[in-house]
Amino acid sequence: MSRASRALWQTGHRTERLLVLALLALVGIQLQMSGLADDILSHGDDILYLSRQHIELTLISGGLAIATGLPLGIVLSRRFMRRWAEGVMQLLNIGTTIPTLAVLALSMTLLGIGTAPAIFALWIASLLYIVRNTYSGLTAIPQHLQEAAYGVGMSAWQVLWQVELPNALFVIFAGIRTSLAINVGTVPLAFLVGGGGLGELIFTGIDLNDTGTMLAGAIPTALLAIAVDTLMGMAAHALIPRGVNPLR
């Protein structure tokens, strides 16, 4: 990425953040004027407790997706596995094309009610993005870089860790970032199988036709998704080396 393109991207990214902050401010003003802000704040203790559950579900299911998705993407990127890669991707794609409620229902029949089926369903829903981006990032590495690494005597393992993964890290981070952001937004459905989280407030508000209770769950969920996306963006900017990070 050229310096001009990088500067343009950074300007656009700052503008996007300002727009998000402005939108949040407008929403806050509207809630205060309508009196819903007091209704939402009345659920303060519930919001804190359920937010902790929400974060725990995201960390566990997202961590499992990263721990399994990265190795699977690496294995599929090897030459002897590439003929099977798209078939495996299509199998993983089932987890995103089937409605999450259906996946939750299926996992509930296998694992019962509680956090276990919720974590399983969230893991399935988050896996494809990490595997796909890991595979795409590694297979996009220029052939001449790999040939040069082998030419100086590196083993296949050294080429993977010192050449391929560093150059694919930006794409891999993008997949993890997308996966975790979607995971946070999907966690509310875990309430339907007894998994807890902010979905308890959202669905209780829907059942009671109580807008304040529903927003007490929906607004923290949205803020958590924005926070996770922002933190992952900052982590990618800080951890990916300058030479292979097109945004630095």
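Predicted model: local features only at pLDDT ≥ 70, side-chain atom pairs only at ≥ 80, totals over all residues.
Visitor: What share of the chain counts as buried, and what share of the contacts joins residues 24 or more positions apart?

Guide: Of the 248 residues, 37% count as buried; the term means under 20% relative accessible area, with exposed over 50% and partly exposed in between (1.4 Å probe, protein chains only). Among contacts with a separation of 6 or more, 74% are between residues 24 or more positions apart, where contact means heavy atoms within 4.5 Å.

Visitor: Why is α3 called oblique to α10?

Guide: Helix α3 (residues 44-77) and helix α10 (residues 211-239) pack at an angle of about 45 degrees, with axes 11 Å apart. That angle makes α3 oblique to α10, because angles under 35 degrees count as roughly parallel, over 145 as roughly antiparallel, 65 to 115 as roughly perpendicular and the rest as oblique. The axes are lines fitted to C-alpha atoms, for helices over the stretch in contact, and angles run from 0 to 180 degrees between N-to-C directions.

Visitor: Which residues make the contact of α3 and α10, and how are they divided by class?

Guide: I47, S51, H54 and I55 of α3 meet A216, P220, T221 and L224 of α10. By class, five are nonpolar, three are polar and none is charged. Ala, Val, Leu, Ile, Met, Phe, Trp, Tyr, Cys and Pro count as nonpolar, Asp, Glu, Lys and Arg as charged, and the others, Gly among them, as polar.

Visitor: Which residues of α9 are buried, and against what do they pack?

Guide: In helix α9 (residues 199-208), G199, L201, I202, F203 and G205 are buried. These buried residues pack against α3 and α10. Just after α9, N209 takes a positive phi of about 55 degrees.

Visitor: What makes α6 roughly antiparallel to α8?

Guide: Helices α6 and α8 pack at an angle of about 160 degrees, with axes 8 Å apart. The angle is over 145, and α6 is therefore roughly antiparallel to α8. By class, their contact has eleven nonpolar, nine polar and one charged residues.

Visitor: How do you know that E164 and R78 form a salt bridge?

Guide: Their side chains meet at 2.7 Å, N to O, and a salt bridge is a side-chain nitrogen of Lys or Arg within 4 Å of a carboxyl oxygen of Asp or Glu. The pair links E164 in helix α8 (residues 156-186) to R78 in the loop between α3 and α4 (82-97), 86 residues apart. At 4% relative accessibility, E164 counts as buried.

Visitor: How many salt bridges are found in the whole structure?

Guide: The search finds three. One of them joins E86 and R132 at 3.1 Å, N to O; E86 lies in α4 and R132 in α6 (residues 115-139), so the pair ties together parts 46 residues apart in sequence. Another joins D229 and R177 at 2.9 Å, N to O; D229 lies in α10 and R177 in α8, so this pair ties together parts 52 residues apart in sequence.

Visitor: Why are D229 and R177 called partly exposed?

Guide: D229 has 27% relative accessibility and R177 a relative accessible area of 23%. Both values lie between the limits of 20% and 50%, so both residues count as partly exposed. By that rule E86, at 39%, is partly exposed, and R132, at 27%, is partly exposed.

Key:
Residues numbered from 1 in each chain as written. Heavy atoms only, no water. Helix = DSSP H or I, 4+ residues; strand = E, 2+ residues; numbered from the N terminus.
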